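Please read these notes with the model open beside you. Find each residue as you go.

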Amino acid sequence: MFGKHRLSAIVYLLALAIFLLTITGEISNTSPRFRQGHEGNNVGTATEITAVRNERVLRETTEWETLLYKISSPNEGPTVMVIGGIHGNEPAGFKAVSEMTSWAIDRGTLLLLPRANEPAIAERTRSAPQDGLDLNRSFPGNANGVGTEVMASVIFSVIQEFEPDWVIDLHEASNFERKVPGSLGQTFIYPRGADSLDIVQELKTAVNRTIINEEHHFLILRGGTTGTLINAVNASGYEALIVETVTKMPMEERIDFHHQVVSSLLYLLEITVY
Ligand SMILES: [Zn+2]
C-alpha cells in the first residue's frame, strides 16, 4: 500500500511539472520581444511574435526635428502609417501615437510619426508660429518653401518611400458633429471618391460597439479640403483617414479612442497588436 501511495505522488509531481512547463512555454511563445535600434537577423518562429522597432530622425537639427518609428514584423503584411500632432493644439493625437511606439504586431509594418509639427506642439498652437501656415493645408508640400511647406514635403516623401496601404491622421475637434454639425468631433473623415468605404464602415461598427454612450459614437464624413494629408495621400493611390476626437472629453478617453480606432483597423487588416 505504501508503495502505491509513493507511485501516486510521483505521478502527481510529474503531471504538475509538465503542466508548469506548458504554461511557461505558452508565455514565452506569445510575449512580444522588442529589439531597439536595429533590424534584421531577428527571425520569428512559427509561434513567436517578434517586432523590431527602429527610428529615423526627420529634419535633424532644425526646430522641426522629429522622430519617425518603424515597427516591423518578420511576417509579411500591410503597411499602416499613423500620424499625430499635425495640429499642435490637438494633444490626444500626438500622445496616442507616442504610446503606440511600444506596440508590437504579428504581421506587416507600422510606421509612426507621433509629433509631425514640433514648433506648433511646443506652443500648443494649431500652426507653427514661424510661418503661421496650416500644415494640413500644405500637402503634398514644397521642399523649397517655408518651414511648414518643407515639413509637408518631408512627410509626403516618407509616404512615397514606404507606400503605406493606409495612412491614419489623428486630430481633435472642439465639439461633437452630432450636436454641432460642422464641428467634426467623433468622426472619421474619408476622402470623397476613395473606394474602400466598406472597410471604414466596418471600422465604425467595430469601434462604436465598444462605446456605451451613443452620443459618443463615431460618424463617417466624406471630404478633405485641398492641401489636407488625406487628399494628397488618396490622390497618390493610398488609403487615408482622419480620426477626430473631441477636446471636451477627458484626455485618457480621447487617447483610448485613438488607440481603439487604430487597433481595430489593424485587426480588420488581419494584424494583431500586442
Ligand atoms: Zn486638426
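The points below go through the strands, rings, pocket and backbone in turn.

1. **Ground rules.** This is a predicted model, where local features need pLDDT of at least 70, side-chain atom pairs count only at pLDDT 80 or more, and totals for chains, interfaces and linings use all residues. Residues are numbered from 1 along each chain as its sequence is written, and side-chain values use heavy atoms, with hydrogens and water left out.

2. **Strand S5.** Start with strand S5, residues 109-113. Helices (H or I, at least four residues) and strands (E, at least two) are DSSP runs, numbered from the N terminus. Five of the five residues of S5 are buried, so the strand is largely enclosed by the rest of the structure. Buried means under 20% relative accessible area, exposed means over 50%, and partly exposed is in between (1.4 Å probe, protein chains only). Thr109, Leu111 and Leu113 point one way from S5. Leu110 and Leu112 point the other way.

3. **Neighbours of S5.** Two strands pair if DSSP finds at least two bridges between them. Strand S3 (residues 66-72) runs antiparallel to S5, and four bridges join them. Here Ser72 stands opposite Thr109. Strand S4 (residues 79-83) pairs with S5 in the parallel sense, over five bridges. In that pairing Met81 stands opposite Leu111. From S4 the chain crosses through helix H2 (residues 91-100) to S5, a right-handed β-α-β crossover. Right-handed means that, with the strands pointing away from the viewer, the path from the first strand over the helix to the second runs clockwise.

4. **Helix H2.** This helix is mostly covered, with seven of its ten residues buried. Pro91, Ala92, Gly93, Phe94, Ala96, Val97 and Met100 are the buried ones. Phe94 also has a charge over its ring: Arg115 lies over the face, at 5.3 Å from the ring centre. The rule for this is NZ of Lys or CZ of Arg within 6 Å of the ring centre and within 35 degrees of the ring normal.

5. **Aromatic pairs.** How many aromatic pairs does the structure hold? There are three. Rings of Phe, Tyr and Trp (its six-membered ring) pair if their centres lie within 6.5 Å; planes under 30 degrees apart count as stacked, over 60 as edge-to-face and the rest as tilted. Trp166 and Tyr190 are stacked, because their ring centres are 6.2 Å apart and their planes are at 25°. Trp166 lies in strand S6 (residues 166-173) and Tyr190 in strand S7 (residues 187-191), so the pair ties together parts that are 24 residues apart in sequence. Trp166 is buried at 3% relative accessible area, and Tyr190 is buried at 0%.

6. **The largest pocket.** Its volume is about 280 Å³. On a 1 Å grid over the protein atoms alone, a pocket is an open set of points where a 1.4 Å probe fits, with protein on both sides within 12 Å along at least five of seven lines; lining residues have an atom within 4 Å of a point. The lining has 18 residues, of which His87, Arg126, Arg137, Leu184 and Glu244 lie nearest the centre. S6 gives the largest share, three residues. Glu244 lies in strand S9 and counts as buried, at 8% relative accessibility. The C-alpha atoms of Glu244 and Thr187 are separated by 5.3 Å, though these residues are 57 apart along the chain.

7. **Backbone checks.** Most residues other than glycine have a negative phi, and most peptide bonds are trans. Check the peptide bond from Phe139 to Pro140, which is cis, with omega near 10°. Pro140 lies in the loop between helix H3 (118-123) and helix H4 (147-162). Arg124 has a positive phi, near 50°. This residue is in the loop between H3 and H4 and is partly exposed, at 45% relative accessibility. Glu163 has a positive phi near 45°, and its place is in the loop between H4 and S6.

Note on methods: Grid points are joined across faces, edges and corners, and a volume is the space filled by probe spheres set on the points.
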